[in-house]
Amino acid sequence: MSMDLIISALVTTIGITTPILLAATGELVVEKSGVLNLGVEGMMLVGAVTGFAVAFTTFNPWLGILAAAAAGAASALVFGVLVLTFGANQVATGLALAIFGIGLSTLIGAGFVGMIVPPFTSIFPEELARDPFWRLIFGHSPIVYLALIMVMVVAWFLKSTRWGLVLRAVGENDLSAHSIGYSVIGIRYAAIAFGGAMAGIAGSYFSLVITPMWAEQMTAGRGWIALALVVFASWKPGRLLTGAYFFGVLMTLELYAKASGFSFLPSQFWASMPYLMAVLVLALISARERTGSEAPACLGKPFMPGE
Amino acid sequence: MRIRFEKRPEPSNFMRLATPVGAVLLTMVLGALLFDALGYDGQETIKQFFFTPVLASYKWQDVATKAAPLIIIALGLALGNTAKIWNIGAEGQYIAGALGGAFVAYLTPDVTSHWIIVPMLLAGIIGGALWAALPAWLKTRYNVNEVLSSLMLVYVSLQLLSYLIDGPWKDPNGHNFPQTAAFTDAQLLPRALPGTYVPPGLVFAIVLTFVFWVAMKRSIYGFDVRVSGAAPQAARYGGFNAKRTVWSTLLISGGMAGLAGILEATSQLGQLNLGFPSGYGFTAIIVSFLGRLHPIGIFIAGFVLAITSVGGQVAQTVVHVPSASGGIFQALMLFLILAGDVLVRYRIKIVHSASKAGAAA
């Protein structure tokens, strides 16, 4: 296998991994605060269409990303009001958010089908990325670097900052956090908005970078993979990074296997690989941690201080 | 002045019935505003979505056609939702059921007896149940979250369908289209009402609604499921077997989705092709909640969701909104019904800032 092929495979892997990593980093923070938001796929789509619409009308991809983050956060807050203020069931509300995002993005995007924007690729001078090896480092969209930075920021925030500790406390024992005077609901709202913003940016990576256009349901179920990834990572940012790249490599293999006409296995086998692997990996991880001790103790439980 | 929730001593039965109705009405209002904001004629959109399917004499058959699978799938899902076992993968089980039934059809092209439909339906139920068995096994054996595993298998089932109809089961006389051979006359289920399009599935939906209603109300199993969801600790001390609840709710809901799948294949399409996956498995989750997880409620809710789904097609041609935007109404309805749950369990108190008597407590 030539060097060029390896490098282009790695570039593909990075491209595939980035949106999953972004969305999963956001969801990790949400789940650490004790909330399970299953609506990642919907928030990603809302981000994808908003990012595209704004980049298309303003000719500015940066504004597109910003708008995608805002739209993702706004849709997440709809979920937040329902589960935090109204104490609604988180699983069902998250599903509703996913369905809502699919419908809303289709509706907003109807006027943008068939349009294209210039792909939002490298920000570094072109000379830097001419050599294939250097392209591996400098040849990506800014969103790729943002994803890597955000994992590190989240890891540092959760581990080494006071508010990170508070957020974890809220997720592990909401009553104690409440009784020492922290606003459980307020912190969860912030976490949910952050998760939405990250999912929104993840979505915009599809519509601004991978294929710089809008297509219905273009995130193709990656939001659900991001959810599996959080469990796979046992809610640890470091493992999230490796896990995301593990899935990314798998999906790249699928692409290459398809392209090279790997005829002894049907293409549908490769296409279902990431999902089968996700199930398998969940089983391996969950089997090792039978008690589920890694999950935040309050995950998915509503907090109604009035009771 | 602020709003405070005060827990009711008993959940309100009035609110339990009123909130789904309120959710549907409020969905229309919010939906109209949303479509107006996006530059469509909101009022006209609502009219086409919710009223044309009911008022146009020829549309009610379409509504019944869509309601039947939704009701059948949602009846099964409600069981799991009651026990708080979340089967999100009914769409995959629906496809697996159709594949199960189609496998029997594939093996028996020469059988002319109409009784062949019975093994086909049974294979549909088994196919759906098997597809749900994997999440059940992973949940009970390895403690894998059933939400994710059942959902991942939806994607796998789509690929399996695509593989089979473009591979081993491909119609040799199908001009190379990815589809199975058409079912023979013996393998097709006739319409429920001769001369109409009313599907045989509706008869199944009516009978099963009744069966589930009686079973949930009268049987120890129904009680077991309710207690497992409402008070898992109590259920454990009471000697209920948690694993049995996981297995039974997933197998039953998978089997029901599989039944809906093969019914759809053998009465609507008459073969399997790439147009088969319909999203019924996802919409049925909304049906089960809108119906308040009660069989009679689900029967009504199935028709409400079917109306919006037919209305989506009407609105697409009349007001030119994308048909998928029907998902917005369905999701809004689910949002509102879930928010409405709070009214069942809590009273809303408006507290004036002057009277802070209760705040200290």
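The model is predicted, so local features need pLDDT of at least 70 and side-chain atom pairs count only at pLDDT 80 or more, while totals for chains, interfaces and linings use all residues. Residues are numbered from 1 along each chain as its sequence is written, and chains are lettered from A and ligands numbered from 1 in the order in which they are written.

**Contact between the chains**

- The contact draws 42 residues from chain B and 43 residues from chain A, two residues being in contact if their C-beta atoms, placed from the backbone, lie within 7 Å.
- On the side of chain B that touches chain A, at least two residues each come from strand 1 (2–7), helix 5 (117–142), helix 6 (146–165), helix 11 (280–290) and helix 13 (326–345) of chain B; helices (H or I, at least four residues) and strands (E, at least two) are DSSP runs, numbered from the N terminus.
- Helix 13 of chain B gives the most to this side, with twelve residues.

**Residues with positive phi**

- Ala220(A), which is not a glycine, has a positive phi of about 50°, and its place is in the loop between helix 9 (184–210) and helix 10 (222–232) of chain A.
- Ala220(A) counts as exposed, with 12 C-beta neighbours inside 10 Å; a residue is exposed if 12 or fewer other C-beta atoms lie within 10 Å of its own, buried if 20 or more, and partly exposed in between, with C-beta atoms placed from the backbone.
- Lys84(B), also a residue other than glycine, has a positive phi near 60° and lies in the loop between helix 3 (60–82) and helix 4 (90–107) of chain B.
- Lys84(B) is partly exposed, since 16 other C-beta atoms lie within 10 Å.
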